[in-house]
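User: Hello! I am new to this structure and would like to go through it step by step. Could you help me read it?

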Amino acid sequence: MSSQNESEEKKKKTKKRTNKKQNHKQKNKTKDVEFNTRYEIQEGKREPGKEDLDYIVAVYTKQLRKVLIPVAVTMLLVVLVIRTAYKDKPEEGAFNDIMVYNESDEDSAGFRFGGALLNAVIVIAVILVVTLIMVCLYMKGFDWILVGWVIFSVFIILTFYGLLTWLEIFQYLNKSLDWISALIVILNFGVAGTITITWKGAKIINQIYLIIISVLFAAILSTLPEYTTWILLVLLAIYDLVVVLSPKGPLKMLVETAEKKGKPIPGLIYSSMVWFMSTLEKSKAKKKRKNKKKNEKKKTSSSSESNTTESDDLLQNNKLLNSNSSESEENLINEDDEIVKEESEENEKSKTKIKISKKKKKTTKKKKDDNSSALLDHSPKLGLGDFIFYSLLISKAAYQDYTTVFTCFVAILMGLSLTLFFLALLQKALPALPLSIFFGIIFFFITSNVLVPMNSLVFQDHVFL
Amino acid sequence: MSVIRFLGCLFITYAPLFVLICQYVLLDAKLLIIALSSCFFWMISILFTSLIWLAVPPLYETNIWIIIVSFVCQEIIRYLFFRLLLLLERTINYHSRLGQRQSEIHYIKGSLASGLGFGVGYVLVMNTGLLTKAAGPGDLEASGCSMSLFVLNSFNAQIFGLLNVAWTMIMFIVLKQYKYKYGQTREKQILKLKVIVSLVSHFAASCITMIDNCAVTLTLLYLLLICICVLAVYITFGHIKGKKDEFSTIIQDRIPLGLNDSNSDKKSKHENEKEKVKEKKDSSSSTTASSSESN
């Protein structure tokens with residue numbers, strides 16, 4: 001039985017590779033997205049080589065939980081941090097030195113709106129410029145700049161912003177802290193984080209550190225003035241949509257350069273990539289024995305336990321994950337740009353984050369193309385930018401009420417699951433920000449302004465609707 | 001003291017739903033998605049009611065109008081979600097293969113998950129406002145009652161969460177059976193009655209909460225909960241006085257609910273086609289292999 005299965009697998013793999021190359025070229029030219037509609041299946045027009053709806057559903061459902069849990073954990077941590085430490089602080093205007101227009105209650109609503117719009121547009125313009133610079137650097141081979149940038153920015157975030165939040169929390173808890181122990185702890189924390197993210201490390205610790213980075217980042221971003229945050233989120237969603245789905249974007253250029261270089265890993269000097277390669281080789285060997293968990297060094301990926309039946313079926317569904325890589329790249333680019341102002345530290349940090357994600361994704365993509373059968377890269381990839389902007393939205397809700405928090409939470413998770421569903425269906429790179437931010441903003445404004453007053457009126461008479 | 005009260009209220013509201021969630025939803029990812037989407041839909045309904053409340057304030061001097069509007073919106077959303085679940089179940093289960101039973105949706109579990117989604121959404125929106133205040137200092141007294149408002153609210157929320165589960169299960173299972181009874185009007189009437197009972201109980205439950213005396217409200221609500229849960233269990237299992245055969249014939253359909261496994265042996269046309277395609281594939285692959293070897 002096993003030999004027959006292996007022979008079938010080999011035949012399928014050979015066919016898959018040929019089909020994939022042809023389909024890849026055709027897709028790039030014609031942009032035809034074929035997927036099995038209900039009617040095609042009923043009429044028997046479905047071709048034998050294509051994925052079935054049940055495969056898609058089975059894979060999608062298994063992947064979804066692995067993506068939802070990190071997002072939910074980041075959002076809840078952000079709510080916790082803000083409700084304890086940041087809520088009762090007076091607004092110090094942390095971004096006033098950076099923003100072109102400083103919001104104040106004295107100005108009229110229209111003036112504030114215009115100023116906020118100007119701020120947001122400038123931020124996104126800087127994002128664009130920075131992405132183009134990074135693309136040029138990557139194309140010309142200056143990867144080492146980006147590597148150093150990543151390491152530097154991650155270290156600075158973990159130490160500096162970690163120390164700030166730690167101090168805020170201790171101030172809330174009314175505890176004292178001496179500078180020696182703080183220095184020791186925070187340095188260890190930062191160094192361990194940089195090592196796990198940019199080099200080797202256990203998968204769980206890597207994920208925890210990435211979650212911590214996104215929590216810190218979102219907590220800092222939540223101090224942005226109100227109008228600017230909302231307009232920025234909306235414009236970022238539109239930007240994400242445009243950049244990912246446009247035919248000539250920096251994303252495609254990066255992918256093309258990665259493919260042109262022809263190496264299995266696209267010319268990256270990151271030691272993280274070495275680690276990734278070694279794990280994949282191990283995974284290949286393990287697959288032959290049909291036994292193991294495949295550890296992926298990705299932000300949101302978790303180990304996929306390979307059972308024999310699952311591996312046979314799910315080998316054919318690598319396309320689902322190919323598409324996700326670009327999505328996460330773009331989101332990281334957006335996230336990168338969000339805080340970027342010319343000489344602020346934040347910019348550097350964000351850029352490095354984007355680079356991390358990009359390069360990780362490229363490696364996975366390449367590997368899939370070369371050895372699609374050997375990789376069980378089943379988890380979808382979601383960029384840190386998505387995490388940070390979802391948690392930014394939740395942080396704005398956390399300043400108000402817990403009911404708004406929960407409604408926005410559900411809206412964001414629903415948007416994310418819908419995008420993943422479309423991803424599984426269309427097998428194409430999709431932006432993760434727009435849908436969930438759209439739902440989140442609608443839910444936020446309606447609950448905070450309408451539902452909470454209605455509930456407070458109704459609860460006085462202990463009436464349940 | 002306040003922390004204890006907060007924890008007490010928290011566990012009172014969420015314990016039954018949490019048990020059901022741990023048993024069913026967390027173990028199967030499809031049910032998690034169904035529960036999440038049902039929660040989302042319920043929140044849409046309550047936001048709709050709040051928008052109507054904003055648009056037409058003078059009507060709402062008494063609470064009865066808000067109750068009517070929210071009841072109507074919630075039931076409409078429940079029916080829409082029923083249609084969505086039916087569509088999902090049909091597309092996925094029709095195209096499932098014999099070896100891929102993991103991707104199928106068990107209809108009863110799906111309806112339970114959607115009910116849990118509605119229940120959790122309900123409790124989140126209605127109860128968190130007072131629950132967070134329960135952790136702070138001070139106490140609010142409910143009008144006409146010696147119980148604190150937080151505790152009363154948490155008991156009500158528990159009941160309503162479970163009632164939502166029961167209402168959804170009744171509606172979903174009955175309405176699915178409704179379609180397959182073409183000429184049998186008496187049985188159709190009975191099914192209609194069950195759905196009407198659930199709707200009336202929803203309205204009655206929210207009206208009961210308007211009563212000032214909390215002992216009366218709680219006793220009536222718990223009795224209602226017991227009755228509706230018994231009805232829901234009866235509908236799902238149907239093991240009462242010879243109705244088993246009738247119910248089993250309804251279930252054994254092209255799209256099985258999953259209680260009886262007799263349909264697992266049958267193969268649909270689609271699966272037969274797939275087998276033929278597989279045979280062709282093997283034959284073609286063998287020919288290609290032979291041709292490559294010859295070359």
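**A first walk through the model**

Analyst: Gladly! Among the contacts in chain A with a separation of 6 or more, 80% are between residues 24 or more positions apart. Please keep in mind that this is a predicted model.

User: What percentage of the residues in chain A is buried?

Analyst: Chain A has 16 helices and two strands. A residue counts as buried under 20% relative accessible area. In chain A, with its 465 residues, the buried share is 57%.

User: Which residues of chain B have pLDDT under 50?

Analyst: For chain B the mean pLDDT is 79, and 74% of its residues reach 70 or more. One stretch stays under 50, and the model has 39 contacts beyond four places in sequence for it. That stretch of chain B is residues 239-266.

User: What ipTM does the model score?

Analyst: Two scores are given for the model. The pTM is 0.72, and the ipTM is 0.79.

User: Which helix supplies the largest share of the lining of the second largest pocket?

Analyst: The second largest pocket holds about 1500 Å³ of space and is lined by 38 residues. Helices of both chains each supply at least two residues of that lining: helix 3 (53-86) and helix 15 (402-426) of chain A, and helix 1 (2-25), helix 2 (29-55) and helix 4 (107-134) of chain B. The largest share is 10 residues, and it comes from helix 3 of chain A.

User: How many residues of that pocket lining are nonpolar?

Analyst: Nearest the centre of the second largest pocket lie A:Leu76, A:Phe406, A:Phe409, B:Val120 and B:Leu124. The lining has four polar and four charged residues, while its nonpolar residues number 30.

User: Is B:His202 buried or exposed?

Analyst: B:His202 sits in helix 6 (residues 185-208) of chain B. Beyond its neighbours within four places in sequence, B:His202 is in contact with A:Leu465 as well as B:Phe71, B:Gln74, B:Glu75, B:Arg78 and B:Trp167. Its relative accessible area is 0%, so B:His202 is buried.

User: Why is the sulfur of B:Cys207 too far from the closest cysteine sulfur for a bond?

Analyst: A disulfide needs two cysteine sulfur atoms within 2.5 Å, and a search of the whole structure finds zero disulfides over all chains. B:Cys207 is partly exposed, with a relative accessible area of 22%. Its closest cysteine sulfur belongs to B:Cys73 and is too far for a bond because the distance is 16 Å.

Definitions and conventions. Residues are numbered from 1 along each chain as its sequence is written. Chains are lettered from A and ligands numbered from 1 in the order in which they are written. This is a predicted model: local features need pLDDT of at least 70, side-chain atom pairs count only at pLDDT 80 or more; totals for chains, interfaces and linings use all residues. Side-chain values use heavy atoms; hydrogens and water are left out. pLDDT is the predictor's confidence in each residue, from 0 to 100. Contact means heavy atoms within 4.5 Å. Buried means under 20% relative accessible area, exposed over 50%, partly exposed in between (1.4 Å probe, protein chains only). On a 1 Å grid over the protein atoms alone, a cavity is a set of points where a 1.4 Å probe fits but cannot get out, and a pocket is an open set with protein on both sides within 12 Å along at least five of seven lines; lining residues have an atom within 4 Å of a point. Grid points are joined across faces, edges and corners, and a volume is the space filled by probe spheres set on the points. Helices (H or I, at least four residues) and strands (E, at least two) are DSSP runs, numbered from the N terminus. Ala, Val, Leu, Ile, Met, Phe, Trp, Tyr, Cys and Pro count as nonpolar, Asp, Glu, Lys and Arg as charged, and the others, Gly among them, as polar.
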